[in-house]
Amino acid sequence: MWKVPLFDIRLDQAAINAVQQVMRSGWLTMGDVTKNFESLFAEFLDIKNAIAVSNGTAALHLANMALGIRDGDEVICPSLTFVAGANSIIYVGAQPVFADIAGYDQLNISPEDIKAKITGRTKAVQVVHYAGHPCDMGPIKKIADENRLYIIEDCAHAPGAEYNGKLCGTIGDVGCFSFFTNKNMTTAEGGMVVTNNDQLANTVRLMRSHGMTALTMDRYRGQTLSYDVVELGFNYRMDEMRAALGVAQLNNLNDVNNKRYRFTQLYKDRLSHISGVTIPFRDSGSASACHIFPVILDENINREQFIAYLKHRGIQTSIHYPPAHLFDFYKRTFGFEEGILPLTEAVARREVTLPLYPSMGDDSVQYVCDAIEDYYGKGEKYR
Ligand SMILES: Cc1ncc(COP(=O)(O)O)c(C=O)c1O
């Protein structure tokens with residue numbers, strides 16, 4: 001239907017074979033393949049613990065819970081992100097306190113605004129490496145250390161991204177990944193919690209599976225007959241098919257990220273000549289995971305018409321994101337109002353996400369850039 005979709009997924013034969021092998025093996029639920037995926041992911045990040053879970057939202061929920069965040073606490077987070085982050089704070093009874101982004105060039109959470117939002121109830125900062133570009137973790141870590149706050153890194157966009165030589169997910173107290181289908185690496189639905197804190201990891205492992213002291217696999221192997229339930233946990237387990245797909249995707253991650261980087265550079269080269277669009281994170285290099293390619297339209301450009309023109313040329317676009325604090329539920333529950341996060345709100349009104357996926361090829365990037373050039377030049381009737 002689309003000439004250039006927003007994203008596309010192509011599984012190679014190795015990935016398909018790996019999943020089929022699990023399906024033929026007779027063991028489908030969390031077991032050795034998941035353990036192997038966890039070990040490889042931990043090795044990749046050079047971190048002590050990686051715990052596979054059913055999705056990125058579950059990873060965030062467990063991270064908040066394992067850090068002991070609870071009712072009465074506040075967690076500072078961005079609003080310009082997927083709502084899962086703020087939701088996960090509410091799941092444990094705490095209150096999300098939104099901080100603004102750093103600027104039009106830096107759509108990540110502002111360290112200064114984090115500082116301004118700290119109260120006696122603040123327990124943690126939940127950062128999101130938006131579009132795969134690492135947050136300014138140096139100042140954020142300093143603020144967190146000075147105020148004894150935990151840092152949760154939402155790395156849904158950022159597997160393989162680096163900040164000062166450290167991989168995202170290993171800088172704060174705990175990192176959370178999503179392997180949803182449009183992510184840089186996917187298990188269809190899936191996620192991972194990573195941490196160097198063994199105690200935290202044990203809590204996450206326990207809570208992932210109903211707070212049970214033994215897994216189905218342990219009983220199958222005759223290692224234990226019964227089990228105890230020591231906490232009120234959840235079923236946030238991953239399964240073996242997804243883990244097999246995860247291993248195959250992890251093997252390709254560097255290659256895939258390099259391709260995303262290449263197309264991002266090509267977009268930047270072409271679009272920097274067009275006045276009317278601002279490219280955020282212009283100077284960020286290969287340390288980004290280049291998950292999506294956002295642009296900010298000038299104030300006088302009608303975004304709906306811009307999107308409609310690209311659609312007319314067969315190009316699918318998206319918006320990242322409608323700000324969380326202005327969703328009906330958030331306004332109703334917490335009394336948030338328009339105007340509290342000026343930069344987030346301005347960007348949210350003017351942002352458009354262009355297609356980016358590893359199999360798109362230079363020609364598709366050129367096609368999108370040609371269409372944008374035409375819009376600003378010949379596309380008068382759409383303006
Ligand atoms: C920034 C961000 N955080 C969290 C999530 C939640 O991940 P999942 O969809 O795997 O629950 C997503 C993904 O969709 C995301 O983009």
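Biologist: In what order do the strands of the open sheet follow one another?

Modeller: This is a predicted model, in which local features need pLDDT of at least 70, side-chain atom pairs count only at pLDDT 80 or more, and totals for chains, interfaces and linings use all residues. Residues are numbered from 1 along each chain as its sequence is written. Strands of a sheet pair through backbone hydrogen bonds, either parallel or antiparallel. Here 7 strands form an open sheet with mixed pairing, in the order β1-β9-β8-β5-β4-β2-β3. Strands (E, at least two residues) and helices (H or I, at least four) are DSSP runs numbered from the N terminus, and two strands pair if DSSP finds at least two bridges between them.

Biologist: Which are the edge strands?

Modeller: β1 (49-53) and β3 (95-99) each pair on one side only. The twist averages 20° from one strand to the next; angles run from 0 to 180 degrees between N-to-C directions, along axes fitted to C-alpha atoms, for helices over the stretch in contact.

Biologist: How many bridges join β1 to β9?

Modeller: There are 5, and β9 (residues 191-195) runs antiparallel to β1. Ile-51 has Val-193 in β9 as its bridge partner.

Biologist: Which strands does helix α2 lie across?

Modeller: Contact requires C-beta atoms, placed from the backbone, within 7 Å. Helix α2 (residues 32-45) lies across β1 and β9, at about 135° to β1. Helix α7 (residues 198-208) also packs on the sheet, touching β1, β8 (174-178) and β9, and its direction makes about 15° with that of β1.

Terms used
Contact = placed C-beta atoms within 7 Å.
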